[in-house]
Amino acid sequence: MKLREDAKWSMVIPTSMGIRISPEDGQPVQASNVFRMQVTSAESNVGTVASFLGEPVKILTNFVKGSPIAMMIKSNLASRFMAFEGPDVEQGGAWGYRHQFNIADSGYGNRGARVWNDRAGEVGLLLDAKDFDLDRILGEEGAKIVHMSGLIAALSPNTLQFCLDVAHKAKEYGAAVSFDLNYRASFWKGRKQELRDGFTEIARQCKILIGNEEDFQLALGLEGPEAGGKDIGDKIDGFKGMINTAHEKFPEVEVFATTLREVVNTNHHMWGAILWSDGEFYVAEPRDIGVLDRIGGGDSTVGGILYGLIKGWEPEKCLQFGWASGAMTTTYLTDYSMPADEEQIWAIWEGNARIKR
């Protein structure tokens, strides 16, 4: 894939930042009275693989003015080597705006993880292209890849328009638009046609399109394999057929990717991935991985693939690095990966868990 060579930013990522609250030691929420609080967003989680490996990444988001949570988020992004830009919005009193909260336990053994999204009144609902100098950020400075997801696009009619505006502007200035569909039924309730039309228009701007079997079918209305993740290795041909269908509908897309996950139990998954590039399929067959916390594994798979594209690697190498980046993140309590170097990720692909001294 040819990326803009004079770009200041390897990745520009629009998102709505928030906080995850989790019980300690894999306990369920209702049985806990001690919780860990951390910064998260699906989109920024993708960029952390690249930012920790030295690539310049910029986050576009809103903040609540004077909020200690906003200060925590800004400090966290800086600690992840990410630049950020966006307006500080007045809270507007006790019933005004705030950053999103995700309340999530990791699950354990035969008890699956559970996530409760609490996004009422989040400041990201106000995201608007006019609050960002996109001609400067995407034009004068430039981006190799602009990555966004269906989570931010589906938040509200306002954020859908924001993502459409960013996607159009990114394509105008020669950035490769990457879109992880991330279908969520609770976000789509009562808005199916509006969101399908909007997602389809974003996909038309893309060079990179990502999603699982459910995402492609429900967000874009394409035919594909049965959703659910059971006996996932036997469904690879179905995934390939779905991607071929997607390419017929979106011929300008140069890379399609999907993760393959089968949950044996909460701490033991079968993990795989598929990448399509220039008419060829590349498959990382599902393999056993140990899981401390599953959240963020898919985001980091995307992040690893995008890092490989930024580095100009061949498609198969991008897929392998993405697979290993995702597997690595499931060993973290954070929703994102913090690799020490490329070698640490490649060791996971190679199945080498020996100590390095």
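Biologist: Which helices and strands each supply at least two residues of the lining of the largest pocket?

Modeller: They are α1 (42–52), β8 (100–105), β9 (114–118), α4 (150–153), α6 (185–188), α8 (213–220), β13 (255–265) and α10 (297–311). Helices (H or I, at least four residues) and strands (E, at least two) are DSSP runs, numbered from the N terminus. This is a predicted model, where local features need pLDDT of at least 70, side-chain atom pairs count only at pLDDT 80 or more, and totals for chains, interfaces and linings use all residues. Residues are numbered from 1 along each chain as its sequence is written, and side-chain values use heavy atoms, without hydrogens and water.

Biologist: Why is the pair of Trp313 and Trp346 called tilted?

Modeller: Rings of Phe, Tyr and Trp (its six-membered ring) pair if their centres lie within 6.5 Å; planes under 30 degrees apart count as stacked, over 60 as edge-to-face and the rest as tilted. The centres of Trp313 and Trp346 are 5.9 Å apart and their planes are at 40°, so the pair is tilted. Trp313 lies in the loop between α10 and α11 (315–329) and Trp346 in helix α12 (residues 342–349), 33 residues apart.

Biologist: Why does Trp313 count as buried?

Modeller: Buried means under 20% relative accessible area, exposed over 50%, partly exposed in between (1.4 Å probe, protein chains only). Trp313 has 15% relative accessibility, so Trp313 counts as buried. Trp346 is also buried, because its relative accessible area is 16%.

Biologist: What makes the charged end of Arg80 sit over the ring of Tyr336?

Modeller: The rule asks for NZ of Lys or CZ of Arg within 6 Å of the ring centre and within 35 degrees of the ring normal. The charged end of Arg80 is over the ring of Tyr336, 3.8 Å from its centre.
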